[in-house]
Amino acid sequence: MELRGLRSRQAWWLVLPTAAVLAAVAGWPLSRTIFFSLTDARLSSLATRQFVGLSNYLGDSGVLRDPEWWASVGNTLLFAGSSVLLETLLGLGIALLLNHPSRLRTALRAAVLVPWAIPTVVSAKMWTWMLHDQFGIINTALVASGLVSEPLAWTADPELSFVTIVLVDVWKTTPFMALLTLAALQMVPRDCYEAAEVDGVPPWRVFTHVTLPLILPALLVAMVFRGLDALRVFDVIYVMTSNSRATRSMSVYVREQLIDFQKIGHGSAAATLLFATIAVVTLAWLLATRSRMRETR
Amino acid sequence: MRRHASRSGIWATGLRRGASLLVVFVSLFPLAYAIATSFKQGSDLFGAQFWPSRAVTGNYVSLFRDQPFGTNLLNSTLVAGVVVALSLGLSLLSAWALGRVDFRGRQTLLLTILGVSMFPHVAVLSGLFELVSAFGLYDSLAAMMLSDLLFTLPFTVWVLTTFMRDLPKEIEEAALMDGAGIFTLIFRVFLPMLWPALVATGLLAFIGAWNEFLFALTFTLSSNERTVPVAIALISGASSYELPWGNIMAASVIVTLPLIALVLAFQRYIVSGLTAGAVKG
């Protein structure tokens with residue numbers, strides 16, 4: 001009993017530095033953001049501010065009455081939904097290829113890691129250059145092959161830029177999904193496949209009735225991780241289309257308000273709303289997995 | 001029947017091979033094109049051909065001569081290095097506690113740490129800005145070293161905890177029986193057993209800090225304090241139609257090749273680190 005108490009105390013002391021750092025870089029700044037959202041603080045004069053209640057949220061020029069904010073909410077949700085869906089499907093396909101013994105497997109795995117290793121800013125620049133409306137190699141190829149009659153403005157055309165952003169994100173992040181899915185595939189016991197083969201079950205049915213149900217839990221976890229990550233998307237949009245309305249995400253909106261417009265109060269209100277959105281999704285997921293864990297126990 | 005099966009087998013193999021080659025091509029083409037572009041100058045940049053008609057190194061030279069790109073590289077290395085060292089040091093201590101001691105509040109702490117790793121970075125931006133300014137760290141590397149811990153530390157703690165939990169109990173008991181203190185246990189006994197996990201998490205944290213953009217963009221002002229992603233994003237010409245694409249691609253190649261070398265060299269560790277972070281949790 002004495003010894004257990006000592007161990008617990010030691011554990012607390014060892015966790016303390018981590019807890020202190022996280023309180024300093026996460027807890028405290030978050031509480032300040034929420035506090036600022038109730039004031040009219042500006043970037044140039046953070047100290048001279050006045051308490052304005054909820055008017056940054058509900059007021060006439062508040063976040064919730066700003067159509068630009070709602071456009072960014074729509075963009076973010078659509079971005080998260082479509083990119084995660086595409087990444088999951090493509091990732092699953094690549095994982096199945098990687099899980100199948102072949103001579104190409106090593107090369108494939110190495111190649112797939114390349115987009116993932118490239119910094120987002122760099123991949124955004126690479127694609128911006130390849131998709132350049134006048135000199136981009138993709139437009140050159142498309143025009144030469146006769147698929148389009150004139151070059152497309154991939155990043156400037158509001159109707160096209162959103163699709164472009166999603167595709168660039170899919171290119172960069174699919175490897176992550178593929179590797180996680182592959183790890184799940186490798187945990188499927190071999191007996192399951194052998195039994196199915198003995199019974200003469202066709203491959204497609206093996207996939208839908210054996211493989212998919214077994215990897216689904218891991219796949220869902222990966223999707224949630226990716227989804228939460230996609231909800232805070234910033235880099236790729238900022239670099240490729242900066243503040244264009246057609247692609248502006250919630251994070252881009254927040255930074256534009258905070259830094260470009262110097263409206264710390266208004267921007268912090270938007271940041272708080274983004275945080276709340278992500279917190280709600282995270283909590284819902286944690287509760288769901290906890291109740292599931294209790295069921296299986 | 002059998003013949004039919006083998007014929008469909010050939011089809012399946014061909015399909016798989018075709019799909020694999022397509023994936024390899026799509027994965028590698030942008031980088032290959034960036035490399036090709038980085039050796040082009042003048043009108044060559046705007047031609048339709050893939051390879052430069054005459055390979056020149058001028059884009060690379062001017063990066064280091066006309067811009068503080070060498071300094072930017074050093075900045076990125078310093079920031080990422082310090083962030084990784086701090087994250088691993090702190091998380092080794094807490095991973096022992098969180099992974100191996102059943103103290104009250106442990107579950108809450110673990111969930112909080114997982115929650116922090118989901119934080120949208122802009123949600124702490126104004127608070128961190130105030131903090132960084134208050135300590136006089138604005139426009140300095142220390143600002144990034146501090147703020148990057150927001151996302152590296154939860155990750156390293158979480159992954160190392162899962163690895164620490166799986167180490168055999170007998171070793172710990174034997175060490176404690178021999179009168180080893182807690183720090184001896186963590187750094188002399190467990191640390192050598194955790195090398196693969198440390199390499200994996202350290203590398204992933206390094207990549208995260210190396211690629212970090214939002215904080216680096218917001219907390220720096222002078223080009224000498226910029227990290228590489230910000231420097232690349234802000235390379236500009238007289239107008240958007242005169243962006244120096246040769247320079248941008250040269251810079252992109254320089255920051256990407258070391259990362260790719262690292263990732264390929266430590267492939268196995270990385271996959272284990274990624275899956276420990278997501279699947280095991």
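Q: Helices here are DSSP runs of H or I with at least four residues, numbered from the N terminus; in which helix of chain B is Leu141(B) found?
A: First, a word on conventions: residues are numbered from 1 along each chain as its sequence is written, and chains are lettered from A and ligands numbered from 1 in the order in which they are written. This is a predicted model, in which local features need pLDDT of at least 70, side-chain atom pairs count only at pLDDT 80 or more, and totals for chains, interfaces and linings use all residues. The helix that holds Leu141(B) spans residues 141-165 of chain B, and it is helix 6.

Q: Is Leu141(B) buried or exposed?
A: A residue is buried if 20 or more other C-beta atoms, placed from the backbone, lie within 10 Å of its own, exposed if 12 or fewer, and partly exposed in between. Leu141(B) has 20 other C-beta atoms within 10 Å, so this residue is buried.

Q: Leaving aside its neighbours within four places in sequence, which residues is Leu141(B) in contact with?
A: Contact means that the C-beta atoms of two residues, placed from the backbone, lie within 7 Å. Phe46(B) is 95 residues from Leu141(B) in sequence and 37 Å away in space, C-alpha to C-alpha. The contacts of Leu141(B) beyond four places in sequence are Asn75(B), Leu78(B), Val79(B) and Glu225(B).

Q: Why does Ile113(B) count as buried?
A: This isoleucine lies in helix 4 of chain B, residues 106-116. Between Ile113(B) and Glu225(B) there are 30 Å from C-alpha to C-alpha, and they are 112 residues apart in sequence. Ile113(B) counts as buried because its C-beta neighbours inside 10 Å number 23.

Q: Not counting residues up to four places away in sequence, which residues does Ile113(B) touch?
A: The list takes in both chains, with Leu22(A) from chain A. Together with that leucine, Ile113(B) touches Pro154(B), Val157(B) and Trp158(B).

Q: What distance separates the centres of domain 1 and domain 2 of chain A?
A: Domain bounds come from an automatic or database assignment. In chain A that gives domain 1 at 1-29 and domain 2 at 37-296. Taken over C-alpha atoms, their centres are separated by 34 Å.

Q: How many residues does domain 2 of chain B give to the contact with domain 1?
A: Chain B is assigned domain 1 (2-46) and domain 2 (65-280), with C-alpha centres 33 Å apart. Domain 1 brings eight residues to the contact, which divide into four nonpolar, three polar and one charged. From domain 2 of chain B, the number is seven.

Q: Which residues touch the most other members of the largest nonpolar core?
A: Such a core is a set of buried Ala, Val, Leu, Ile, Met, Phe, Trp, Tyr and Cys residues joined through C-beta atoms within 7 Å. The largest one holds 156 residues, and helix 6 of chain B gives the largest share, 15 residues. The residues that touch the most other members are Ala270(A) and Leu274(A).

Q: Which residue with a positive phi follows helix 11 of chain A?
A: Helix 11 is mostly covered, with eight of its eleven residues buried, among them Met250(A), Tyr253(A) and Leu258(A). Between this helix (250-260) and helix 12 (264-296) of chain A there is a loop. The residue there with phi near 60° is partly exposed, because it has 14 C-beta neighbours inside 10 Å. It is Gln262(A).

Q: Near what value is the phi of Asp139(B)?
A: Asp139(B) sits in the loop between helix 5 (125-134) and helix 6 of chain B. With 15 other C-beta atoms within 10 Å, Asp139(B) is partly exposed. Its phi is positive, in a residue other than glycine, and lies near 60°.

Methods
Ala, Val, Leu, Ile, Met, Phe, Trp, Tyr, Cys and Pro count as nonpolar, Asp, Glu, Lys and Arg as charged, and the others, Gly among them, as polar. Helices (H or I, at least four residues) and strands (E, at least two) are DSSP runs, numbered from the N terminus.
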